[in-house]
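Hello,

Here is the structure you were waiting for. My notes follow below it.

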Amino acid sequence: MKLKPTLSYCALQMVKWAFLLLILFVVVHYFPYPIVKSLFGVFCLVLVFTAFYKFLLLRSITYEFANGQIKYTFGIFSKKTEYLELFRVRDLTQKQGLIDQIISTMKIDITSDDKTHPIFSIEGIPKSAVTESIREAVLQARKDNRIFEV
């Protein structure tokens, strides 16, 4: 099963950047010095490019659940793939804030014994029964690897 953050989730993350730009625009508008307004223009360009980069980065994320592991791939110019073995998972937490409920997305926090990702977050995925699927896959991976909790 492959999952990606939804387009509405990625667009909503851009609203944060737009709000910051709006606040800065209102504040700098009242400065009488032209040098401040020029620096603000440069700063706005940097913020716009940063926001666009973050949007592309969010759109590049892919979560794949297969063969007893979670495969997390991300990156724009160069792709990076990280793996989380399902038998290491200790706990799953599904979260859905007010905005997530409106756009029908959710966040899953996975607590594991993995050294690189003790808490692994899957954000912005469509609301579904994926948490139960992960839980069943974790139990099966523990059974296959003969790992039992004491």
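**Surface and overall build**

The accessible surface of the protein is about 9900 Å², and carbon and sulfur atoms hold 64% of that (Shrake-Rupley method, 1.4 Å probe; for residues, only the protein chains shown count as cover). Please note that this is a predicted model: local features need pLDDT of at least 70, side-chain atom pairs count only at pLDDT 80 or more, and totals for chains, interfaces and linings use all residues. Residues are numbered from 1 along each chain as its sequence is written, and side-chain values use heavy atoms, with hydrogens and water left out.

There are four helices and seven strands (DSSP runs: H or I of at least four residues for helices, E of at least two for strands, numbered from the N terminus). Their order is β-α-α-β-β-β-β-α-β-β-α. The C-alpha trace spans about 70 × 35 × 25 Å along its principal axes. Of the 150 residues, 31% are buried (under 20% relative accessible area, 1.4 Å probe, protein chains only).

**Thr-6**

Thr-6 sits in the loop between strand S1 (2-3) and helix H1 (7-29). Thr-6 counts as buried because its relative accessibility is 18%. Its side chain reaches the backbone nitrogen of Tyr-9 at 3.2 Å. Beyond its neighbours within four places in sequence, Thr-6 is in contact (heavy atoms within 4.5 Å) with Arg-59, Thr-105, Gly-124, Ile-125 and Pro-126.

Best wishes

Definitions and conventions: Buried < 20%, exposed > 50% of the residue type's maximum accessible area, 1.4 Å probe, protein only. Polar contact = N/O pair within 3.5 Å; in protein donor to acceptor, adjacent residues only side chain to side chain.
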